[in-house]
Amino acid sequence: MSDFGRTPADDADALERTLDLAWELFAAQPEHPKVAELALQVLAAQPQRSSVSLLLGNHREFCGEADEARRLYLQVAGRRDGQFVNAARALRHLAFAERDHPEALRWADTVLAEEHEDWDDWMELGSAQALCGEHEEGWRQLDEAVALCARTVPDELPKALGKRGVYLLGSLAPVDRFVHAAEEAIRADAANSWVALMLGWSYLVQYRFTDAEQLGLRLLREDPTEDLAQNLVGTARTMLRVAENAQAKDITLEDIRRTGVIELGWQQLRDRMLGTDLASALAALDDVLPADLRATLRPGISISDEPEADKIGSMVAEDLVAWHDGQQPGSGSAWSLAEPFRLLSAAEIIAMSAEIEADQAAHPDWPENEVWEQVMTDDAGTYLVAVAFGTLVKRRPGHPDEPVAASMADWVWDRVAGFGGPDPRPAPRKTDELPG
């Protein structure tokens, strides 16, 4: 049909077809550039059509254009029309994605000021509260969201249970609390492999090795190539052998408990899943290192090329020397902290460990029957050391160890935040905070 003789109804129908095509394409390929092209065609004719602006914002967010997505969402929210709640939800989602927990909480509250019936909105509120440090209130809210789902849309209960498990883990809930929620989620949806995997590793922390093995075997039947499930089964079987042979072996379960090796493995896996592990922290630190500090750091090394790599330490030291193989002696002040600790090189760690091993009696602060990895020194005889459960402590001759950080990853994230970088960690539980 030529333009002559077209009616407004014809134009309106054409716009609706264009919009329908944009939504269909977005559902199939959210990053496809044609989505923006179609949405902009509609907006050119109807610039105040908020649902289209939200579609375009969703597309921009998928494409990694967070600032443009935020601008579009705020534009819609500012109109206070029928799409206000959806705009607030979109801003809440964006804040979560950017790990801006206070902003996520603000928008979660905004949504619930307008809409009270959706269990998912209450679930998002609980997550934001817990991530901001309101742990017990947030976790209680997650439970209430599950109960609301059971009352109002029971068909969605498996989804709600799974989401609660994920949010508990993401806010560093105690293992026992996560296990209870994860077991409920798996009973409702056995196909939730992510929650099942984390549940299996949680069983290890509870020393429920048979349960961990059986869950890992089930996961391997579903996907025999899953590395983490293979590791879960292998670790569970190792622990079962230790338990069975406890009387005949020098290593007992109580010895293992004291080292915290299982708990540390769980924490490292959880942090890796959340993107708050040491590797993620070091990558983030690289982005914000001041030039004068960067100049003091040596290039990283390949651990596989190091003949005495077993003396470096696999808990955290290997990751650190692979990132940067130590720091120039006397350069610890470049971190701009109260005490001038610098990173140790692999060669320094190996030499020091050999010296301690050769004359244990002369090094009483470094007991051979305990877990420790020296990672930093002030070049005056004091060290920062990763010990049992991954805790970072200050070790001085003749003094008890002094806690410095919950982990090496936390120490690095503190530096990232101090240098102005983003800090994705949830607020710590008060019981986890170090003495002031």
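**Notebook: a helix residue, a helix pair and a sheet**

I started with Ala417, which sits in helix α20, residues 408-418. A reminder to myself: this is a predicted model.

Next I asked how exposed Ala417 is.

Then I turned to a pair of helices. The axes of α7 (residues 119-131) and α9 (residues 157-170) come within 10 Å and cross at roughly 10 degrees. Angles under 35 degrees count as roughly parallel, so I wrote down α7 and α9 as roughly parallel to each other. On the α7 side, the contact is made by Trp119, Asp120, Met123, Glu124, Ser127 and Leu131. From α9 come Lys159, Ala160, Lys163, Arg164, Tyr167 and Gly170. Sorted by class, I have five nonpolar, two polar and five charged residues in this contact.

My last stop was the sheet. I found it open, with five strands in the order β1-β2-β3-β4-β5 and antiparallel pairing. Which strands are at the edges? They are β1 (342-343) and β5 (402-405), each of which pairs on one side only.

Further in, I followed β3 (residues 383-387) and β4 (residues 392-395), which pair in the antiparallel sense over four bridges. For Ala386, I found Leu392 of β4 as the bridge partner.

Finally, I checked helix α19 (residues 346-358): it lies across β1, β2 (372-377) and β3, and runs at about 125 degrees to β2.

Methods: Residues numbered from 1 in each chain as written. Predicted model: local features only at pLDDT ≥ 70, side-chain atom pairs only at ≥ 80, totals over all residues. Heavy atoms only, no water. Axes fitted to C-alpha atoms, helices over the stretch in contact; angles between N-to-C directions. Helix = DSSP H or I, 4+ residues; strand = E, 2+ residues; numbered from the N terminus. Parallel < 35°, antiparallel > 145°, perpendicular 65-115°, else oblique. Contact = heavy atoms within 4.5 Å. Nonpolar A, V, L, I, M, F, W, Y, C, P; charged D, E, K, R; others polar. Buried < 20%, exposed > 50% of the residue type's maximum accessible area, 1.4 Å probe, protein only. Pairing = 2+ DSSP bridges.
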